[in-house]
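Here's a quick briefing on how this one packs together. Have the model open while you read.

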Amino acid sequence: MTWHAYLDESEPATGGTYVLACSLVVTDHLEGLRSRLSALRLPGEQKVHWYERSRGQRRLLVETIAAMPAIHHILVRDDCGDESSERRRRKCLERMLWNLEHSYGVESVVVEARQARQNVKDRHLLDSMRARRDVSSRLRIAHVPGWEEPLLWLPDIIAGAFGDDRRKMPGIFSMLGPIVELESISGLK
């Protein structure tokens, strides 16, 4: 069984927290899930995005994802203080990449593309991890625009539901409990 990983980030407006969500899908389910996710787009939407949806629509997104054959991992970095967004991302991405290769044997990681210079920083991090032998040379990262890969909508929804739950808007994230692993890493290290 080969796992494929899809990553997206979120920085809740409350500050001091960084969330990196990952959705893991086996090869046999890739095309079916892409099709199901594409069907969730509203008219005129290029991609499904959590923060552009109403509360009722968010609930429907979570109910749909809860029934999909995928598992999810959330890394939360709290107590970040004055850390830059890039440092927060680097710390979470480093931990996530290690987890993905060592726990799931993932070789293919798709990350929602950001600015070109930011994507280069992710690749440099992976190169550094390879040089330290934290991960093998088999692990690859691809940066893809969110509208181009529907499977990137999974971690966006997972991170959004988690963020809402943390902001005292509980209810729907709990539906994801059985398929989400949550890990917290302190920013004080």
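Leaving out neighbours within four places in sequence, Asp8 is in contact with Val19, Leu20, Ala21, Glu112, Leu152, Pro155 and Asp156, where contact means heavy atoms within 4.5 Å. Keep in mind that this is a predicted model: local features need pLDDT of at least 70, side-chain atom pairs count only at pLDDT 80 or more, and totals for chains, interfaces and linings use all residues. Residues are numbered from 1 along each chain as its sequence is written, and side-chain values use heavy atoms, with hydrogens and water left out.

**Strand 1**

- Asp8 sits in strand 1 (residues 3-10); helices (H or I, at least four residues) and strands (E, at least two) are DSSP runs, numbered from the N terminus.
- Some terms for that: buried means under 20% relative accessible area, exposed over 50%, and partly exposed in between (1.4 Å probe, protein chains only). A salt bridge is a side-chain nitrogen of Lys or Arg within 4 Å of a carboxyl oxygen of Asp or Glu.
- Ala5 is also a strand 1 residue, and at 0% relative accessibility it counts as buried.
- Leaving aside neighbours within four places in sequence, the contacts of Ala5 are Cys22, Ser23, Leu24, Leu100, Val106, Ser108, Val109 and Val110.

**Nonpolar cores**

- The largest nonpolar core has 33 residues, and Ile74, Leu151 and Leu176 touch the most other members. Such a core is a set of buried Ala, Val, Leu, Ile, Met, Phe, Trp, Tyr and Cys residues joined through side-chain atoms within 4.5 Å.
- Strand 2 (18-26), helix 1 (30-38), helix 2 (55-66), strand 3 (71-78) and helix 5 (153-166) are the elements giving two or more residues to this core. Helix 5 gives the most, with seven residues.
- Not counting residues up to four places away in sequence, Leu176 touches Val62, Ile65, Ala66, Ile158 and Ala161.
- Another core, of 24 residues, lies apart from the largest one; Tyr18, Val26, Leu100 and Ile185 are among its members.
- As background, nonpolar side chains tend to be buried together in soluble globular proteins.

**Helix 5**

- Twelve of the 14 residues of helix 5 are buried, so the helix is largely enclosed by the rest of the structure.
- The buried residues include Trp153, Asp156, Gly160 and Asp164.
- What covers them includes strand 1, strand 2, helix 1, helix 2, strand 3 and strand 6.
- Just after helix 5, Lys168 takes a positive phi of about 65°.

**Aromatic pairs**

- How many aromatic pairs does the structure hold? There are two. Rings of Phe, Tyr and Trp (its six-membered ring) pair if their centres lie within 6.5 Å; planes under 30 degrees apart count as stacked, over 60 as edge-to-face and the rest as tilted.
- Trp3 and Tyr104 have ring centres 5.9 Å apart and planes at 75°, so they pair edge-to-face. This pair links distant parts of the chain, with Trp3 in strand 1 and Tyr104 in helix 3 (residues 85-104), 101 residues apart.
- Trp3 counts as buried at 17% relative accessibility, while Tyr104 counts as partly exposed at 25%.
- Phe162 and Phe173 are edge-to-face too, because their ring centres are 5.6 Å apart and their planes are at 70°. Phe162 is in helix 5 and Phe173 in the loop between helix 5 and strand 6 (180-186), eleven residues apart.
- Both Phe162 and Phe173 are buried.

**Salt bridges**

- A search of the whole structure finds 17 salt bridges.
- Asp122 bridges to Arg89, with the closest N and O atoms 2.7 Å apart. Asp122 is in helix 4 (residues 116-131) and Arg89 in helix 3, 33 residues apart, and both Asp122 and Arg89 are buried.
- Glu9, Glu86, Arg89, Arg114 and Asp122 are linked in a salt-bridge network.
- Arg130 and Asp127 form another salt bridge, at 3.4 Å between the closest N and O atoms. Arg130 and Asp127 are three residues apart in helix 4, which means about one helical turn separates them.
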